[in-house]
Amino acid sequence: MRLYERDDWWWVNVRFEGVRHRLKSPINQKRAAEQYAHRVMEQLINGTFVSKKERQKAAAKTKTVAEFAPDFIKNYARVRNRISEVESKQGNLDRYILPVLGDMRLDEVKPLDVDRLAASMLATGVSNKTVNNALATLSKMFHYAVESELIAKVPRIRLLPVSECKTDYLKPDELVSLLEAASYNREWHDMIFVAARTGVRWGELSELRWSDVDLDAGMLHVTRNFVRGEVIDRKNGADVHIPLSPDTITLLKTRRQLRHLQGNALVFCKPDGGRHIHRRADVALKRCCRKAKLREISWHKLRH
């Protein structure tokens with residue numbers, strides 16, 4: 001029986017009947033490691049010792065992929081991820097992973113089964129990127145199963161090659177045409193203008209408040225995002241400060257004078273002060289694209 005430190009943690013090395021057991025002490029103290037080593041030796045002598053691998057195997061037999069998925073979403077995704085990422089992982093599980101692998105035990109899934117999942121998705125016509133998104137969710141779930149000591153290792157998961165996509169963006173003359181087409185509605189015109197000039201996301205644009213706009217300094221302070229009906233911190237968790245062009249400052253000054261009488265906190269909102277619905281705004285943007293004889297784009301494309 002021997003004690004040693006590895007990676008700033010106490011481990012025990014116990015040999016019994018020619019078999020060596022290297023075990024991590026539950027408590028990172030030398031005295032606790034000694035006591036743990038004595039308990040292990042007693043269990044080995046009494047025949048009650050159960051190795052970590054055996055515990056994992058026994059636990060994995062009680063969990064299929066479908067049974068473990070709710071634990072993964074509740075205890076991992078909802079704790080570590082944003083709402084949109086949680087919904088993305090849940091969608092990948094429901095649409096792609098569980099129909100193919102749901103009935104399999106965690107310890108049964110092999111690289112061949114992962115390839116079978118990818119092949120089944122490609123057969124439905126989805127892109128390689130969509131397949132990779134589902135495989136990334138599967139990988140996260142299996143890594144969490146390893147952390148939870150349900151399985152010993154993650155099956156090999158190979159991503160598919162993805163060709164580099166060309167970024168679609170509006171040229172200056174196309175933006176002019178789009179703004180002219182949107183001039184029938186001041187709200188949509190101003191939102192398109194600010195989105196294109198600042199590069200903010202739709203959720204950030206719809207949550208933008210006058211308290212975030214410093215027209216004297218010519219700065220826009222983006223701190224929040226509106227996603228799935230909730231106000232959250234912006235993506236990546238860091239505030240961003242965007243310098244405003246002179247024409248953007250002029251537009252916002254005019255807008256503030258009009259909105260000041262109404263007392264609305266949001267820079268862009270419906271007449272009653274309510275938030276714009278993304279679906280309706282998307283329909284309006286595509287209508288403006290058709291009027292300008294441009295390809296249809298999304299609000300996110302205005303960032304480019």
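Analyst: One definition first: two strands pair if DSSP finds at least two bridges between them. This is a predicted model.

User: Which residue is the bridge partner of Tyr4 in E2?
Analyst: E1 and E2 pair in the antiparallel sense. In E2, the residue bridged to Tyr4 is Trp11.

User: Which residue takes a positive phi in the hairpin of E1 and E2?
Analyst: That hairpin has 2 residues between the strands. Its phi is near 55°. The residue is Asp7.

User: What is the order of the strands in the open sheet with E1, E2 and E3?
Analyst: The sheet has 3 strands with antiparallel pairing. Strand E1 (2-6) and strand E3 (19-24) each have a single partner strand, so one side of each is left without a neighbour in the sheet. These two stand at the edges. The order is E1-E2-E3.

User: By how many degrees are neighbouring strands of this sheet turned against each other on average?
Analyst: Direction is ignored for this angle. The value is an average over neighbouring strands. It is 25°.

User: How many bridges join strand E2 to E3?
Analyst: Strand E2 covers residues 9-16 and runs antiparallel to E3. Val14 has His21 as its bridge partner in E3. Phe16 is bridged to Val19 in E3. The number of bridges is 6.

User: Which residue takes a positive phi in the hairpin of E2 and E3?
Analyst: Here, 2 residues sit between the strands. The positive phi is near 50°. It belongs to Glu17.

User: Which helix packs on the sheet of E1, E2 and E3?
Analyst: The helix touches E1, E2 and E3. Its direction makes about 25° with that of E2. It spans residues 30-46 and is helix H1.

User: Are H3 and H4 roughly parallel or roughly antiparallel?
Analyst: The axes of helix H3 (residues 65-80) and helix H4 (residues 83-101) come within 11 Å. They cross at roughly 170°. Angles over 145 degrees count as roughly antiparallel. So H3 and H4 are roughly antiparallel.

User: How many residues of the contact of H3 with H4 are nonpolar?
Analyst: H3 contributes residues including Val65, Ala69, Phe72 and Ile73. H4 contributes residues including Val86, Leu93, Ile97 and Leu101. The contact also holds 1 polar and 2 charged residues. The nonpolar count is 11.

User: What angle do the ring planes of Phe72 and Tyr76 make?
Analyst: Both residues lie in helix H3, 4 residues apart, about one turn of the helix. The ring centres are 5.3 Å apart. The pair is stacked because the planes are at 15°.

User: Is Phe72 buried or exposed?
Analyst: Buried means under 20% relative accessible area. Tyr76 has 12% and is buried. Phe72 has 0%, so Phe72 is buried.

User: Which residues do ring pairs link into a cluster?
Analyst: Phe72 pairs with Tyr76. The cluster consists of Phe68, Phe72, Tyr76 and Tyr144.

User: What distance separates the C-alpha atoms of Glu149 and Lys53?
Analyst: Glu149 lies in the loop between helix H6 (128-147) and helix H7 (172-181). At 36% relative accessibility, Glu149 is partly exposed. Lys53 is 96 residues from Glu149 along the chain. The C-alpha separation is 8.7 Å.

Key
Residues numbered from 1 in each chain as written. Predicted model: local features only at pLDDT ≥ 70, side-chain atom pairs only at ≥ 80, totals over all residues. Heavy atoms only, no water. Buried < 20%, exposed > 50% of the residue type's maximum accessible area, 1.4 Å probe, protein only. Axes fitted to C-alpha atoms, helices over the stretch in contact; angles between N-to-C directions. Contact = heavy atoms within 4.5 Å. Parallel < 35°, antiparallel > 145°, perpendicular 65-115°, else oblique. Nonpolar A, V, L, I, M, F, W, Y, C, P; charged D, E, K, R; others polar. Phe/Tyr/Trp six-rings, centres within 6.5 Å; stacked < 30°, edge-to-face > 60°.
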